[in-house]
Amino acid sequence: MRSLSESGREGAAVMAEFDLVVRGGTVVTATDTMRADVGIRAGKVAALADNLPPEGRVIDAGGLLVLPGGVDTHCHIEQLEPNGTVHEDSFVTASASAFAGGTTSVICFASQFKGRPIGPTLDDYRRRARASMLDYALHQIITDPTDEVVEKELPAVVASGIRSFKVFMTYDPLHVDDRQMLRVLAAAKRLGAMVAVHCENYAAIGFMTEALLRAGLTAPKYHAWSRPPVVEREATYRAIALAELVDTPIQVFHVSCAEVAEEIARAQGRGLKVWGETCPQYLTLTAADMDRPGFEGAKFMCSPSPRDAAEHERMWGMIRRGVLDVISSDHCGYSYEGTSGKSQNGRDVPFRDIPNGIPGLAARLPIVFSEGVAKGRISVNAFVALTATNPARLYGLAGKGTIAIGADADLVLWDPARKVTLTNALMHHAIDYTPYEGMEVTGWPVLAIRRGEVVMRNGTVQAEPGSGRFLPRGPYALATPRGVVANGFDPAA
């Protein structure tokens with residue numbers, strides 16, 4: 001790996017045109033690759049040119065790629081649960097994990113619990129988020145769209161800078177039925193918000209789970225049996241149809257297989273504003289990972305379930321087609337040990353009672369680069385688009401996800417040739433394992449800059465808690481409805 005050096009001249013920085021210059025690297029955006037220096041002033045990119053004067057502090061990026069800081073728009077961080085528990089990764093530990101993996105901005109989730117208003121829980125979550133070192137925005141989860149919530153609370157939520165809603169079509173404490181989902185979609189349309197959807201058929205999963213348990217099939221591997229691809233595919237089709245009826249833009253979260261992506265492709269072919277996201281687990285892990293001795297398979301349980309190994313190449317095909325244009329982590333960490341982790345209900349319980357979710361904040365960029373760019377499946381520009389530019393654009397994060405004059409100076413210096421074996425220690429999270437333990441990757445972040453400040457250097461995080469910023473979002477084009485409704489009648493009006 002090329003070593004990094006930083007220099008400055010005492011007294012000269014006061015008069016310097018730039019606060020920081022990143023020199024000698026290859027700048028990569030979603031569309032361009034160029035040899036350029038990056039001049040940074042007041043936390044923004046102020047210049048992109050060859051041979052900028054070495055004013056202020058200078059970082060030598062020779063031999064490295066200079067990428068936009070990663071943008072992860074699907075992270076469960078310090079999230080509040082209905083039973084009073086909180087996800088293990090705090091905003092401080094999750095920030096460290098993100099920086100270690102080259103991500104500088106995230107969107108995480110404020111909860112709503114059935115039978116309760118949004119306001120008090122959102123206020124609590126905002127208080128927790130003030131400790132973040134990452135720049136962050138919020139999705140508002142909606143589980144109970146009552147008249148009070150839809151007519152009074154959601155307008156206030158959007159006015160506060162939260163411009164995306166999350167709905168679950170499965171999970172007992174979270175799922176909404178079709179009528180409730182239509183209420184959320186209609187409210188989002190009126191307010192100019194994007195809706196993100198977890199697409200799995202709640203009733204079908206319940207039916208399959210009951211049948212499996214009656215047959216004595218209880219081990220972690222049967223989690224995948226309880227929710228085969230058809231369960232995800234049907235719900236995806238239904239979510240798209242409901243969104244089309246109301247004319248509301250949606251993103252389908254964590255697509256696991258090509259047959260689900262095909263539903264999105266058909267919708268896109270009809271001109272609908274529907275986008276698809278996937279995650280590293282659906283490009284590397286398989287259902288067979290859950291078929292391990294004893295409780296070990298619980299480490300790999302997430303929903304939708306990973307599929308078989310042949311699915312990975314089909315998913316890369318969907319990525320190259322642009323059907324899936326965002327790769328997030330869906331970071332949702334439960335430790336393997338401990339009373340709040342995977343075994344919180346015991347180790348002899350059926351798969352139904354094991355918490356779903358795997359950690360992935362730090363692993364996301366290295367895995368996508370290694371599996372995608374290093375193995376020749378995608379270009380480095382596509383890598384930037386998938387992990388930074390597209391997610392920022394889709395969710396209206398102005399100034400994030402690119403390297404351009406006036407954009408926030410969020411940069412990652414990347415060694416494309418460095419080979420690293422992933423271990424839990426490298427993840428910097430609060431979780432006691434990584435499902436990617438022992439995986440070798442090619443390509444690694446060696447330095448991260450957030451708004452002109454170095455926040456990670458060679459795996460050492462050096463940001464201060466509370467130094468992150470909330471990213472309020474205003475109206476933006478992709479969240480604007482098409483203006484096409486059946487028979488000219490707008491049910492959301």
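1. The crossing of helices H5 and H8 is right-handed, a term for the near helix being turned clockwise from the far one by less than a right angle, anticlockwise being left-handed. Helices (H or I, at least four residues) and strands (E, at least two) are DSSP runs, numbered from the N terminus. The model is predicted, with local features needing pLDDT of at least 70 and side-chain atom pairs pLDDT 80 or more, while totals for chains, interfaces and linings use all residues. Residues are numbered from 1 along each chain as its sequence is written, and side-chain values use heavy atoms, without hydrogens and water.

2. H5 spans residues 178-191, and its axis comes within 9 Å of that of H8 at roughly 45°. Axes are lines fitted to C-alpha atoms, for helices over the stretch in contact, and angles run from 0 to 180 degrees between N-to-C directions. H5 and H8 are therefore oblique to each other; angles under 35 degrees count as roughly parallel, over 145 as roughly antiparallel, 65 to 115 as roughly perpendicular, and the rest as oblique.

3. On the H5 side, the contact (heavy atoms within 4.5 Å) involves Asp178, Met181, Leu182, Leu185, Ala186 and Lys189, and on the H8 side Arg238, Ala239, Leu242, Ala243, Leu245 and Val246. Nine of the residues in the contact of H5 with H8 are nonpolar, none polar and three charged. Here Ala, Val, Leu, Ile, Met, Phe, Trp, Tyr, Cys and Pro count as nonpolar, Asp, Glu, Lys and Arg as charged, and the others, Gly among them, as polar.

4. H8 (residues 229-246) also packs with H9 (residues 258-269), at about 15° and with axes 8 Å apart. These two helices are therefore roughly parallel. Residues of H8 including Thr236, Tyr237 and Ile240 meet a set in H9 including Ile264 and Ala267. The contact of H8 with H9 comprises seven nonpolar, one polar and four charged residues.

5. Pro491 lies in the segment after strand E20 (460-461). Beyond neighbours within four places in sequence, Pro491 is in contact with Leu245 and Val246. Its relative accessible area is 44%, partly exposed, the class between buried (under 20%) and exposed (over 50%), with a 1.4 Å probe and protein chains only.

6. The whole structure has zero disulfides, that is, pairs of cysteine sulfur atoms within 2.5 Å. For Cys257, the nearest cysteine sulfur is that of Cys199, 12 Å away. Cys257 is buried, at 1% relative accessible area. The sulfur of Cys279 is 8.0 Å from the closest one, in Cys302, too far for a bond.
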